[in-house]
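Please look over the sequence and the model shown here before reading on.

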Amino acid sequence: MRDSFKSRIGFVLAAAGSAVGLGNIWGFPTQVANHGGGAFLLVYLCVIFVLAIPALYSEMLIGHHAQANPVRSLKQLSEGRMRPVGATMGLLNVIGSCLMLSFYHIVAGWMLVHALGYLATAMGLSGIADFLLTGSMVRDLVFTSVFLILTASVVLKGVEQGIELWSKRLMPLLVILLVGLIVYIASLPGAGEGFKTYLIPEIQQFTDPDIYIAAMGQAFFSLSIGLGGMMIYGSYLRPGAQLGRLSLSVAALDTLVAFLAGLLIIPALFVAIKLGVSVEQGNQFIGEGQLIFAVLPELFGSMGFAGLWVGFGFFILLSIAALTSTMAQAEVPVSYLLEEHDLPRPVAVAIAMLVIALLALSLVLWFEPLFGWVVTAVTQFQLPLSGLFYLLVIGWFWKRSNHVTALAAQELRYRLLRWHLRYICPVLMGLVFYQSAIA
């Protein structure tokens, strides 16, 4: 008997936890800051409904109907001549998940290292703090391994006792930390200008076509669509689950966290400007890696002793966001080994994590030539390509017992949904793929 989620709230928290990752906490605010502030936020919220939720629904529906891992699910629903293509795409999801987890665990290890580094500094443990906050191969190997063990310990317990249980614990803690940090940053000089930039759109920004493409890409990536994680979560839902409502709930919680992250990061950038910290390159704000590991630490350093605890809270927040993503994505290769090779869960977890650990070790040892290439291959090529394929499966390749087709025969709203999934979403996803992988 396949494992399953025990409760609706457990599924929503777990699925939202899979979606809520480092891209929400640093990627979304950076996109907002560099693409029109409040204008980007409004476009993003529209795109969530137009593209991201239908794509999320499609991925979950594939897994829920097939009740299997991505390889079997996509093979089963891609009928006729597309069946081998479906199986290949499913296998690419498994491989892509392992590649994503290899670099994600390294970055997650950096988050944990910085959190502990701030804590050690606050406690006066200067020697330990120096080791933690000074980059080295030994440090990266140790903390990548620590995060791999954390992920494995959750996935080993299965869906209900592992992923669902820890999602119920970690997601509320993540939101509490976010709100607490927002309140503190809001009390600092310069924060008001950041809130104004974030929440009040400038009308002329809506004429910039880049906003719409960037918003579509961010909305798609924000919901963790394209590597089979939501598909395998959908397969763990019990029969009769209302996927439409669940998709809306997951998207709403994920979007709330992204919105809160914007309330934290963008005012923090303006606080940094007020304190004389350089936050711009050319005419844009410094983004992502530099923002997290250079700009914000400089801001925390300018706050004195309080900044140590703010820094600790911030990087613990990022560590939690990373763990909710890694424990979800790791279930993709684990489920493949469980179902396609009939292995017991402890063996499947051990093999999957060993493969991921070897890939991560390779990235640490040959960081310069490999790390950026793997990140680009997964995030800019495979994610949008897989998302496009899911939509084609739902709209075109899956003919017998197609759930969307059956509903479309009953009500007008489902006929509109089917038309939207068949024609509008693939075109929009094609634009995202072109912009991300080709342009």
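The sections below cover a helix pair, a surface patch, salt bridges and one phenylalanine.

## Basis

This is a predicted model, in which local features need pLDDT of at least 70 and side-chain atom pairs count only at pLDDT 80 or more, while totals for chains, interfaces and linings use all residues. Residues are numbered from 1 along each chain as its sequence is written, and side-chain values use heavy atoms, with hydrogens and water left out.

## Helices H16 and H17

Helix H16 spans residues 345-365 and helix H17 residues 367-397; helices are DSSP runs (H or I, at least four residues) numbered from the N terminus. Their axes come within 6 Å and cross at roughly 125°.

In H16, Ser 362, Leu 363, Val 364 and Leu 365 meet Phe 367, Leu 370, Phe 371 and Val 374 of H17, contact being heavy atoms within 4.5 Å. By class, this contact has seven nonpolar, one polar and no charged residues.

## A nonpolar surface patch

Met 137, Leu 354, Leu 358, Leu 361, Leu 365, Trp 366 and Leu 370 form a nonpolar patch with about 640 Å² of accessible area together. Patch residues have over 30% relative accessible area and no salt bridge, nonpolar side chains being joined within 5 Å; areas use the Shrake-Rupley method with a 1.4 Å probe. H16 gives the most, with four residues, whereas Met 137 belongs to helix H7 (residues 137-155).

## Salt bridges

The structure holds six salt bridges (a side-chain nitrogen of Lys or Arg within 4 Å of a carboxyl oxygen of Asp or Glu). One of them joins Glu 164 and Lys 168, with the closest N and O atoms 3.7 Å apart. Both residues lie in helix H8, four residues apart.

## Phe 433

Phe 433 is in helix H19 (residues 412-438). Beyond its neighbours within four places in sequence, Phe 433 is in contact with Phe 381, Pro 384, Leu 385 and Ile 438.

Conventions
Axes are lines fitted to C-alpha atoms, for helices over the stretch in contact, and angles run from 0 to 180 degrees between N-to-C directions. Helices (H or I, at least four residues) and strands (E, at least two) are DSSP runs, numbered from the N terminus. Ala, Val, Leu, Ile, Met, Phe, Trp, Tyr, Cys and Pro count as nonpolar, Asp, Glu, Lys and Arg as charged, and the others, Gly among them, as polar. Patches are made of residues with over 30% relative accessible area and no salt bridge: like charges are joined within 9 Å, nonpolar side chains (Val, Leu, Ile, Met, Phe, Trp, Tyr) within 5 Å.
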